[in-house]
Amino acid sequence: MEQVVQAPERDGTVATKPGRYDVRGLAEPDAVAPRTAIVSGTTAELDAAELSTRQINLELRRLLTEEGVSDITVRNPRARHSLAVGLLERCRITIDGSLGYFGCGLIDGAEIHVTGRVGWSVAENMMSGVVVIDKNAGSLTGAALRGGDLVIRGHVGARTGIDQKGGTIIVGGNAGSMTGFMMQRGRQIICGDAGNGLGDSMYDGTLYVAGKVASLGVDCVEAEMIDADNELIDRKFRIYGLDRPGEFRKFVCGKQLYNYDTLEPSERKLVL
Amino acid sequence: MCGIAGIIYKNRSGSVGTVGRDMTNMLQAMKHRGPDSTGYALYGEPNDLLVMRFKLADPNDGHDFSYSLRLARSRREVEARLSKIGATIDRVEGESEYAYRATFRYEGELKPLADYVEDVPGAEVLSLGYSLEIIKDLGDAETVAEQYRLDAFHGTHAIGHVRMATESDVDIAGAHPYWAYPFSDVAVVHNGQLTNYHQWRRRLERYGHRFQSECDSEIIAVYLAQSMADGLPLETAMKQSLEDLDGVFTYLVVTQDQLGMAKDEMAAKPLVLHEGEDVVVLASEEGAIRAVMSQEIDSYDPYEGEVMVWSR
């Protein structure tokens, strides 16, 4: 961090702002919060148009920890990556526009509302809190989610909730292939259709799908819906003002992969 | 990692736009995905002249004393060979120190012509067609656009690519887009890896095709163009390619009046799509789409195994 080098350009010149990296590759190590947000009481409004990713995140953190603000609106996010990440305070953030990759990751307790679309890996590793996306989301939505509610009103891409360890993912539209891949706990409620390989290699947790399921993944089986399942879905839908699309089907782990079976299918035939 | 982008105008008067500038904005927004080299496949307004983009040296080549002499000699040789094979040259312009743009009238087969030109030492035909022009060089999009004055390029549709070299040298031969040698007006950009590259390369070589690079992406272009020459519509050929090509890929293909996208069955490589009233824009990242769309837009990720084609 002592040594600040500039990102080299191919033509030999050095970049002016932004694009500074330290020896570890950390972007803009000497960036400071720009203090450009308009604060009124506990609410603030931040125009992100002219700021770098790092400046936006620093400004958000400054507002939350130093200014005592708890309600922030971010304008002009312009689909940039890694915005509103690592927020550990209870707060309410509205992002007026779309985010790129890795938006709202690593948060604990924040309530974030995105009015646009998000790219890959939104809310990855969220510990607790609420993230609501009004439009579509890319692949790997809610990767390694540990807690909280992640609501996408539109469609999501492939591998939603990969490695999910807790929390709830609600999808208003369709989900792509390998939804719930390797999930370990938590639940997903998908109002539309699910792609191929639903719940592939899942360890535990529950997947609810209202639409068609293209195919089930390895060791994912259908289970019987009970009253508690419907109560949970109804409660979540009431909170987020979603319409229940009809009957859901429930998919869980078949637990056949818990114990390693050393016999190949052909060998098994031979032995038995 | 690499970044790919595509744009096609619809319903406008003649569906022509500032395609050079728009593509530069998109590729510059994805510079972090591939800072090594940048390439464009631009479609100008169709005309009856053939356009050939070619280069006679590589930017990495050493500038020894006879460098410019050698280039001038090679250029004269290319012009002589074009005339000799029966082309009526309209003009030959130097676009950069080592890259040229030739327009000419020619009635015969394209393969003998391209082969004959490439036989000149150091020569490589980057593109050949009635409206396709491939421009690729080292550096980011703004650098290449300035070098080749792409801001002034008006056209109907385009694809582009920013490259992060992983398996071959940083040079023009390794940069995308790839022209489907020797089929006119077909080009491909690709993000991903093909695992059955050598199999397909040998198969296509037995057909009589030759390849300009060691890059796996080049076979997609030739594969699709060959399928189309065999009579398949573009969309059918692309659907078949999902079966025939192994690996992870998202690719974009352009012909004289179509732009298509295909995504492998794992959906491992990103692509964001916006279909507007008068334009369709696709890119590896939404930030690139935002670079050309000022108003709030709807966009989504196409799903695995999807093939889509738009016509201008």
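Since everything here comes from a prediction, let's start with the scores. The model gets an ipTM of 0.88 and a pTM of 0.91. For chain B, the mean pLDDT is 93, with 99% of the residues at 70 or more. Chain A averages 91, and 92% of its residues score at least 70.

The stretch to watch in chain A is residues 1-17, where the pLDDT is below 50.

## Chain A at a glance

Chain A has 3 helices and 14 strands. Its C-alpha trace spans about 70 × 45 × 25 Å along the principal axes. Of its 272 residues, 42% are buried. If you look at contacts in chain A with a separation of 6 or more, 25% of them join residues 24 or more positions apart.

## Chain B and its two domains

Chain B is also divided in two: domain 1 is written as 3-47 + 141-311, and domain 2 as 48-129. Their centres are 24 Å apart, again over C-alpha atoms. Where the two domains of chain B meet, domain 1 supplies 13 residues and domain 2 supplies 16. On the domain 1 side of that contact, there are 7 nonpolar, 4 polar and 2 charged residues.

## Where the chains meet

The contact between the chains takes 21 residues from chain A and 17 from chain B. On the chain B side, helix α8 (residues 286-290) gives the most, with 3 residues. By class, that side of chain B holds 6 nonpolar, 4 polar and 7 charged residues.

As background, nonpolar side chains tend to be buried together in soluble globular proteins. The largest nonpolar core in this model has 87 residues, and B:Ala187, B:Ala221, B:Leu224 and B:Leu252 touch the most other members. Helix α6 (residues 217-229) of chain B makes the largest share of this core, 7 residues. Both domain 1 and domain 2 of chain B give residues to the core, so it lies between them.

Setting aside residues up to four places away in sequence, B:Ala221 touches B:Tyr178, B:Trp179, B:Ala180, B:Val186, B:Ala187 and B:Val188. Apart from this core lies another one, of 68 residues, including A:Ala137, A:Leu150, A:Ile190 and A:Cys220.

## A helix with a buried face

Helix α7 (residues 234-244) of chain B has four names to remember: its buried residues are B:Leu234, B:Ala237, B:Met238 and B:Ser241. Looking down the axis of α7(B), these buried residues fall within an arc of 100 degrees, so they line one face of the helix.

A:Lys236 belongs to helix α2 (residues 227-240) of chain A. With 17 other C-beta atoms within 10 Å, A:Lys236 is partly exposed, because the count lies between the cut-offs of 12 or fewer for exposed and 20 or more for buried. Beyond its neighbours within four places in sequence, A:Lys236 is in contact with A:Thr168, A:Ile170 and A:Ile189. From A:Lys236 to A:Gly166 is 70 residues in sequence and 15 Å in space, C-alpha to C-alpha.

Over in chain B, B:Arg206 is part of helix α5 (residues 197-206). B:Arg206 counts as exposed, with 8 C-beta neighbours inside 10 Å. Between the C-alpha atoms of B:Arg206 and B:Glu235 there are 25 Å, and the two residues are 29 residues apart along the chain.

Notes. Residues are numbered from 1 along each chain as its sequence is written. Chains are lettered from A and ligands numbered from 1 in the order in which they are written. This is a predicted model: local features need pLDDT of at least 70, side-chain atom pairs count only at pLDDT 80 or more; totals for chains, interfaces and linings use all residues. Two residues are in contact if their C-beta atoms, placed from the backbone, lie within 7 Å. Helices (H or I, at least four residues) and strands (E, at least two) are DSSP runs, numbered from the N terminus. Ala, Val, Leu, Ile, Met, Phe, Trp, Tyr, Cys and Pro count as nonpolar, Asp, Glu, Lys and Arg as charged, and the others, Gly among them, as polar. pLDDT is the predictor's confidence in each residue, from 0 to 100. A nonpolar core is a set of buried Ala, Val, Leu, Ile, Met, Phe, Trp, Tyr and Cys residues joined through C-beta atoms within 7 Å. Domain bounds come from an automatic or database domain assignment. The arc is that of the directions from the helix axis to the C-beta atoms.
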